[in-house]
Amino acid sequence: MSDSSIYGSMLQDFNVTRIRRMNAERDARLAALRNRADAENYCLEVRSKIASAFRLPDRDGVPRHEIVGRFATDVCRVEKIIYESRPGLPVTALLYLPITLNAPAPAVLFLCGHSPIGKDSEVYRSCCISLAASGYVVLAVDPAGQGERLQFVGVEHANALDGSCTREHLVLGKQLHLCGEFFGTWRAHDALCGLDYLLSRPEVDLTRVGVTGNSGGGTMTTFVQALDSRFTMAAPSCYVTSWKRNLENELPADVEQIPPGIVGAGCEMGDFILAYAPRPILLLGQDQDFFDPRGLRETFEQCRKVYALLGAEDDLRCFIGPDPHGYTLPNRMSMYRFFGEVSRTPVLSAEPKMPDLPAKTWYCTPTGQVADLPGAKGIHDFIVEKLDALAASRRKLSAEELRHLIAAKLGLQSRVPVPYSRKLRFSPRDGDNPNYAFFSRFALESEPGILTVLKIWDRKIHACFPEREELTLYIPNRDAAEELLNVVPDGRVAGVDVRGLGESLPLTCDRFDAGFFSPYGREYHYNSCSLLFGGSLLADRIRDVLGAVMFVRANGTASVRLAGRGVGAVIATLTALLTDEVEGLTLFDAPKSWDEMARARVSLWPQSVMPEGILKDTDLPDIYEALRTRMPVEIVNFSDPYFKTPLLLFSQEKK
């Protein structure tokens, strides 16, 4: 049903309406700021909200580190550093030093964008060498999943990641999410441990400390400068726009770019710029960037008004280059000039020539990968350790305790009002078949802007929702109409297309992607939107099903069962747990456990079936067991972590 989705813009319109409303409320708060005290209080408030979204672990001074090599170019000296951001977790970095240092020098933490080769990117090397030639001490850090820190070296099924660093991030992000952690926090913590090391160097002037990076590095620059007071200047490139523009433009973001609940807390990207205002900041963008430069200009103008109240309007600057996405020369030169002005450092008129050195010269590790270091741990090793600890500490919960837990975690109530309904046009299927049948269709208004479509597969058209002694509500993995074609049409099964599935399958956001559940596809994007607002697509879909249950009961159905496949199996399971209105459950292609998804080296289940932090308290086997004490539960088959099993339905007999 990829191109026949009737309500294909529904989720897009819903999220745009929601973020525009929240932006209007924020605009009103900013407009109400009248003086310096108002501005200072606002900055303090958003700083606290940002810190709450990241929940950084404690850091105890300078991280454990080792200088593993040195070499020199014509314009700078380079030291190869490996430090530990967590015990056993190595971070590779290059420290660029001016050829001569007569006094403590300004410093820059350089954060790499989503280049697979990390700090070895020629553009990033050029930035660091140019800064060092201008008199800065520069630390360039490899992000997790990039450069010498690939996290899936030699891992079975890693071909599913297509060698992409951001796809490594997506897998790790999902697994951390199940443990109650945010991958962006891990990225920020790595960077700030690098700052701890950089500031421990005697060559550094602690009163002149900058941070810069492009794209994913622009993201981390934006985040870490809002999380640490020690920076005295910042220049994020090719990231800052607004979440409103991103959502309007149907732009999926990387997993570390989705601070959970940050938009729901009333924040926009500009609030990261204001967290430590009036810190000198240069906002860099590109005229042809997919990060909308209109949003960058709007963010700049809003933040500049707050800077003006703080008496420092000129300390916030903006430069938009003429190019597509990237840290191109005009943006780099603008950054050099800005840092030079703030730190009172001479600016080079041109970048030095890049040294022609063998690739291995720049390696911090013997093989070019930390995975080959004796005793080195990867992020997944920490995930498994966390899973072991969580499993050991979980206590057995009763069915009632599990109900309260899931309701609280997802922000749901067991009973919802009977939704207002619409009677839609019927949909015929297989007109040449002698058992010609129809889908009678009913749309339930789950909340303003959201329709849940019920489809009754029968040989006759139902003008009104029919009374039934028994009815199974089937929640699909992707599309109820397609998945129910193997069911003998007898009117006892109704498909339930919850938001984002079936008739509201988005025709927005990468509709031509490599599959519905592909990285950066529609399911990923709209779940990310829900996370930004502090909710989840899973919770919203369960609410849709609860409304459908109440609707069919109000229309004379005596006994309601639920069935679900894949994604729908998780939705059906948690809905059955939350309500007394359901009397049975059948699951197809169900996950064995959330723990299995998190332990698998590569898990392809979408994050939309993963409640945040659920493994602190329970897992699916406990929920399946608890449900069996209340109703018949049939699990026809399980799906593995790679989300590939045959489609099995109620009957293999063709209609």
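**Reading strands, sheets and a buried aspartate**

Reply: Let's start with strand E12, residues 437–447, which is mostly covered: eight of its 11 residues are buried. Keep in mind that this is a predicted model.

Me: Where can I find a partner for Arg 422?

Reply: Look in E12: the bridge partner of Arg 422 is Ala 443.

Me: What should I look for in the hairpin of E12 and E13?

Reply: Check the turn. Two residues sit between the strands, and Gly 449 takes a positive phi near 95°.

Me: There's another sheet. In what order do its nine strands run?

Reply: Read across it, strand by strand: E1-E2-E3-E5-E4-E6-E7-E8-E9, an open sheet with mixed pairing. Strand E1 (65–72) and strand E9 (316–324) are at the edges; each has a single partner strand, so one side of each lacks a neighbour in the sheet. From one strand to the next, the twist averages 20°.

Me: How many bridges join E8 and E9?

Reply: Seven, with strand E8 (residues 281–288) and E9 paired in the parallel sense. As one example, Gln 286 has Gly 321 in E9 as its bridge partner.

Me: And which strands does helix H3 touch?

Reply: For a helix on a sheet, list the strands touched, then check the angle. Helix H3 (residues 122–133) packs on the sheet and touches E2, E3, E4, E5 and E6, with its direction at about 45° to that of E3. Helix H6 (residues 216–225) packs on the sheet too, touching E4, E6, E7 and E8; the direction of H6 makes about 140° with that of E6.

Me: Last one: where does Asp 619 lie?

Reply: In the loop between helix H17 (594–599) and helix H18 (620–628).

Me: Is Asp 619 buried or exposed?

Reply: Buried, yet without a salt bridge.

Me: What does the side chain of Asp 619 reach, then?

Reply: The backbone nitrogen of Trp 594, at 2.8 Å. Leaving aside residues up to four places away in sequence, Asp 619 touches Arg 394, Ser 593, Trp 594 and Asp 595.

Notes: Residues numbered from 1 in each chain as written. Predicted model: local features only at pLDDT ≥ 70, side-chain atom pairs only at ≥ 80, totals over all residues. Heavy atoms only, no water. Helix = DSSP H or I, 4+ residues; strand = E, 2+ residues; numbered from the N terminus. Buried < 20%, exposed > 50% of the residue type's maximum accessible area, 1.4 Å probe, protein only. Lys, Arg positive; Asp, Glu negative; His and termini not counted. Salt bridge = Lys/Arg side-chain N within 4 Å of Asp/Glu carboxyl O. Polar contact = N/O pair within 3.5 Å; in protein donor to acceptor, adjacent residues only side chain to side chain. Contact = heavy atoms within 4.5 Å. Pairing = 2+ DSSP bridges. Axes fitted to C-alpha atoms, helices over the stretch in contact; angles between N-to-C directions.
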